[in-house]
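Hello,

Here is the structure we talked about. Please open it first, then read my notes below.

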Amino acid sequence: MSIQLTETAARHIRKSIVEKRGGVALRLGVKKVGCSGFAYTFDVAREVGAEDHVVEAHEATVVIDREAWSILDGSTLDFVREGFKETFRVDNPNVKAQCGCGESFSV
């Protein structure tokens, strides 16, 4: 499987992550937190590691470390605006439950 990027997410990665922040890609990951177990992380990737998975679509690049790949595999990454809030949104088919606030999830 793989991870899909929407055109909106790719445009934001190219414009905000690469051009403004000087990175080579968006680094998408997960960390253990919250009441459900995991939360998504988003950071600027300054380099691609030897064991990173690389996803390229719509002229944008996302890197994911090997440990996060199994949790994120099959997901779609989008970038959404809701009122004054802008954020990446991950549609992850591996999620079995989310906490009430939507900040953490379990697989």
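Let me start with Arg81. This residue counts as exposed, at 60% relative accessibility. Its side chain meets that of Glu86 in a salt bridge, 2.4 Å from N to O. Glu86 is partly exposed, with a relative accessible area of 45%. Please keep in mind that this is a predicted model.

The count of salt bridges comes to 4. Two others are worth a look.

One of them joins Asp52 and Arg27. Their closest N and O atoms are 2.9 Å apart. The pair links distant parts of the chain. Asp52 sits in the loop between β3 and β4, Arg27 is in strand β2, and 25 residues separate them. Is Asp52 buried or exposed? Asp52 is buried, because its relative accessible area is 16% and the cut-off for buried is under 20%. Arg27 has a relative accessible area of 24%, so it is partly exposed.

Another salt bridge runs from Arg66 to Glu51. Here the closest N and O atoms lie 2.8 Å apart. Arg66 belongs to helix α2 (residues 66–72), while Glu51 is in the loop between β3 and β4. The pair therefore ties together parts that are 15 residues apart in sequence.

Now to helix α1. This helix covers residues 7–20, which makes 14 residues. From its first C-alpha to its last, α1 reaches 18 Å. That is close to the 20 Å expected at 1.5 Å a residue. Where is the kink in α1 centred? The kink is centred on Ile13 and comes to about 30°.

Ile13 is also one of the buried residues of α1. An α-helix has 3.6 residues a turn, so residues three or four places apart point the same way. What covers the buried residues of α1? The cover includes β2 (25–33), β3 (37–45), β4 (53–57), β5 (60–64), β6 (76–82) and β7 (85–91).

After α1 comes Gly22. Its phi is positive, near 75°.

The loop between α1 and β2 also holds Val24. Val24 is partly exposed, with a relative accessible area of 43%. Together with Val48 and Val54, Val24 makes a nonpolar surface patch of about 220 Å².

Best wishes

Key: Residues numbered from 1 in each chain as written. Predicted model: local features only at pLDDT ≥ 70, side-chain atom pairs only at ≥ 80, totals over all residues. Heavy atoms only, no water. Helix = DSSP H or I, 4+ residues; strand = E, 2+ residues; numbered from the N terminus. Expected span 1.5 Å × (residues − 1). Bend = angle between axes of the 7 residues up to and from the residue. Buried < 20%, exposed > 50% of the residue type's maximum accessible area, 1.4 Å probe, protein only. Contact = heavy atoms within 4.5 Å. Patch = residues over 30% accessible without salt bridge, like charges linked within 9 Å, V, L, I, M, F, W, Y side chains within 5 Å. Areas by Shrake-Rupley, 256 points an atom, 1.4 Å probe, with all protein chains shown as cover.
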